[in-house]
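Colleague: Before I use any of the labels on this model, I would like to hear what each one rests on.
Modeller: Then ask about them in turn.

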Amino acid sequence: MPAEYPLQRRIQDGRPLLINAEPLQSGSDDTLHRYREGQLWAVRQGVITAELDTGSWVVPARHIGWIPPGVAHAARVHQAAKGLMIYLRPDMCPLFPVTPTVFDMTTLSSALLERIAAWGSDAGRENPAELTAPQHRQIDVLFDELKISPATPLFLPMPSSPHLVGMTLTIVADPANKLSLDDWARRVGMSRRGLTRHFRAETGMSLMQWRILARMKRALELLSQGDTVNRVAQRLGYDSVSTFISAFSAQFGMTPGVYAV
């Protein structure tokens, strides 16, 4: 692992977990960093995004994100986000996935997380020094529930070639940009076929697919800030609100209006 990502500690006193309860503080840490602990992000409202070495990873409302120990990332909590962050001591993490993962927040996992969040207050201290046998069992049940409720994550991969990186950063900054594939090929000094081939090789998807994901990522952020569905559609460059609603529903299985509630 590169030296610029030193392994940091969030749990300093050997406790099994560290609980940061809601409300989450909006803001970001733009520097990639690593923790020796695993992290669970339970997002009840709003959006949390993580920048990884290979791209952007989004945890929308009513989902749970998992960052394994030692994975370099930079996190951003967007406005009005509410939820829970739990740091788990490394020996608590073997049952969890070894790669970043997004899970649906089910009724059971939500209830278990509420119980875990209350452990500190129940014990009269910020976080329990040791877990009881019932608490260990609740962690095991939470893992079992997460294991059967994986979600399709919204992951926006980044290419590695500098000229393609510049193109994608421009699109992220202005998702409404409507330059065509031919326009971009001219801008980056490649043929249409060459751009298509290299972009797919480096990201695993076509430029059109990638632009849709970039728009959806921004849509989640704007909706979490309170923008109306009509306003979001305009800001993302959709020709009609219905087209935006269809694209959003295809990606997330619900309309943007339902998501924003």
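**Labels and their cut-offs**

Modeller: The count of aromatic pairs comes to 9, where rings of Phe, Tyr and Trp (its six-membered ring) pair if their centres lie within 6.5 Å. This is a predicted model, in which local features need pLDDT of at least 70 and side-chain atom pairs count only at pLDDT 80 or more, while totals for chains, interfaces and linings use all residues. Residues are numbered from 1 along each chain as its sequence is written, and side-chain values use heavy atoms, with hydrogens and water left out.

Colleague: What makes the aromatic pair of tryptophan 41 and tryptophan 57 tilted?
Modeller: The centres are 6.3 Å apart and the planes stand at 50°. Planes under 30 degrees apart count as stacked, over 60 as edge-to-face and the rest as tilted, so this pair is tilted. Tryptophan 41 lies in strand β5 (residues 38-45) and tryptophan 57 in strand β7 (residues 55-60), so the pair ties together parts 16 residues apart in sequence. Strands here are DSSP runs of E, at least two residues, and helices are runs of H or I, at least four, numbered from the N terminus.

Colleague: Why is the pair of phenylalanine 199 and tryptophan 210 called edge-to-face?
Modeller: Their ring centres are 6.1 Å apart and the planes meet at 90°, so the pair is edge-to-face. Phenylalanine 199 belongs to helix α6 and tryptophan 210 to helix α7 (residues 207-224), so parts 11 residues apart in sequence are tied together.

Colleague: How do you know that phenylalanine 199 is buried?
Modeller: Buried means under 20% relative accessible area, exposed over 50%, and partly exposed in between (1.4 Å probe, protein chains only). Phenylalanine 199 has 1%, so it is buried. Tryptophan 210, at 0%, is therefore buried as well.

Colleague: Why are α4 and α6 called roughly perpendicular?
Modeller: Helix α4 (residues 162-173) and helix α6 (residues 192-203) pack at about 85°, with axes 11 Å apart. Axes are lines fitted to C-alpha atoms, for helices over the stretch in contact, and angles run from 0 to 180 degrees between N-to-C directions. Angles under 35 degrees count as roughly parallel, over 145 as roughly antiparallel, 65 to 115 as roughly perpendicular and the rest as oblique. The two helices, α4 and α6, are therefore roughly perpendicular.

Colleague: Which residues of α4 and α6 meet?
Modeller: Leu164, Met167 and Thr168 of α4 meet Leu195, His198, Phe199 and Glu202 of α6, with contact meaning heavy atoms within 4.5 Å.

Colleague: What is the packing angle of α5 and α6?
Modeller: Helix α5 (residues 181-188) packs against α6 at about 90°, with the axes 9 Å apart. That makes α5 roughly perpendicular to α6.

Colleague: What puts the charged end of arginine 187 over the ring of tryptophan 184?
Modeller: The rule asks for NZ of Lys or CZ of Arg within 6 Å of the ring centre and within 35 degrees of the ring normal. Arginine 187 sits 5.5 Å from the centre of the tryptophan 184 ring. Arginine 215 lies over the face of tyrosine 238, at 4.5 Å from the ring centre.

Colleague: Why does arginine 62 count as partly exposed?
Modeller: Its relative accessibility is 31%, so arginine 62 is partly exposed. Arginine 62 lies in the loop between β7 and β8 (63-67), and has a positive phi of about 65° although it is not a glycine.
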